[in-house]
Amino acid sequence: MQPRNMSMSGVVDLAAVKQAQEAKAKAEQARAEAARHGGTGAVSPADLVIDVDEAGFESDVLQRSTEVPVVIDFWAEWCEPCKQLSPVLERLAVEYNGRFLLAKIDVDANQMLMQQFGVQGIPAVFAVVAGQALPLFQGAASETQIRQTLDQLVQVAEERFGLTGIAVDPEAEPGAQPAAAPERPAGPHDAALEAAVQALDAGDLAGAVQAYKNVLGEDPGNTEAKLGLAQAELLQRVQNADPQRVRQDAADKPGDAQAQIAAADLDLVGGHVEDAFGRLIDAVRVTAGDDRDAVRLRLLELFEVVGADDPRVAVARRALARALY
């Protein structure tokens, strides 16, 4: 029931990515199967807004987030700003027509979820995408700002995780469940990739690195293995680092390539993606020769960790090009 990946929100959760890819494939198969039987496998517009409690969080939020972004509205009956925000979110959930699902959580009845998400005040709005919890905004916001945030959310969900949302049928009965998806045939490397993820989760970084390398040895273009190897090697590099000393070295030696590289690794593991990228781009500007090349190569490795489709990577690539040329 605990939200996943809250402490590493800037780093890709490999298990969640794999789960999202499988969910997308199953959803596509379910739609095709429903079409063959004259159905749509779609939900009613009324099902786009749901009330969620602690008991149902796993199924209603975490599992659903592998097929559609789930926006969470933390609210309470006594909260006046909530009474202004919640109707806007509910209306937009229907207007976005299945691009996201709105889950409403009453904080008075679900204190544990409020604590797990680190909610300091309400209204507070989060999203869960492929099992990853992402803070969106807290307090009052204009409808324009809300729309901009939701647009960014659905774009990232689609480009980074392949989540295209759920089909909506105005004629569907509220509460009707979409058609169940047939089982997806196992891929040739699924067992090896699953073993690598399990090793990563267990802290066996050397085992995870080797498992991903084994997959890439047979399938050099395997995207999941490339992503997994990049993250496992990153975690391996920071495993025995002294964060205080690394950050002090970086502060004392702004022109030292290795000091900045080590600090950037820590930034990324802590979820500070823009800080990691910015640090290395700044280092590219003040270094030369082999040092500059080392910084550039590490930055490209960190791009792999975050994922090529992440908008922050696109921005950093442009900044890197300006710094180099």
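Student: What is the relative accessible area of asparagine 97?

Tutor: Asparagine 97 has a relative accessible area of 46%, so it is partly exposed. Buried means under 20%, exposed over 50%, and partly exposed in between (1.4 Å probe, protein chains only). This is a predicted model: local features need pLDDT of at least 70, side-chain atom pairs count only at pLDDT 80 or more, and totals for chains, interfaces and linings use all residues. Residues are numbered from 1 along each chain as its sequence is written, and side-chain values use heavy atoms, without hydrogens and water.

Student: Where is asparagine 97, and what is its phi?

Tutor: Most residues other than glycine have a negative phi, and most peptide bonds are trans. Asparagine 97 has a positive phi, near 55°. It sits in the loop between α3 (80–95) and β3 (101–106). Helices (H or I, at least four residues) and strands (E, at least two) are DSSP runs, numbered from the N terminus.

Student: What about alanine 130: buried or exposed?

Tutor: Alanine 130 is buried, at 0% relative accessibility. Its phi is also positive, about 50°, though it is not a glycine. Alanine 130 belongs to the loop between β4 and β5.

Student: Which residues does the cis peptide bond join?

Tutor: Isoleucine 122 and proline 123, with omega about 5°. Proline 123 is in the loop between α4 (111–116) and β4 (124–129).

Student: How do I read helix α12?

Tutor: An α-helix has 3.6 residues a turn, so residues three or four places apart point the same way. Helix α12 covers residues 289–306. Its buried residues are Val295, Arg298, Leu299, Leu302, Phe303, Val305 and Val306. They line one face of α12, because they fall within an arc of 155° seen down its axis. The arc is taken from the directions from the helix axis to the C-beta atoms. Exposed Gly289 and Asp290 are on the face turned away from the buried side of α12. Just after α12, glycine 307 has a positive phi of about 115°.

Student: Which elements line the second largest pocket?

Tutor: A pocket is an open set of points on a 1 Å grid over the protein atoms alone, where a 1.4 Å probe fits, with protein on both sides within 12 Å along at least five of seven lines; lining residues have an atom within 4 Å of a point. Of the 20 residues lining the second largest pocket, Leu134, Pro135, Leu136, Val156 and Arg312 are the closest to its centre. The elements giving two or more residues to this lining are β5 (132–138), α5 (143–161) and α13 (311–324). α5 gives the most, with 8 residues.

Notes. Expected span 1.5 Å × (residues − 1).
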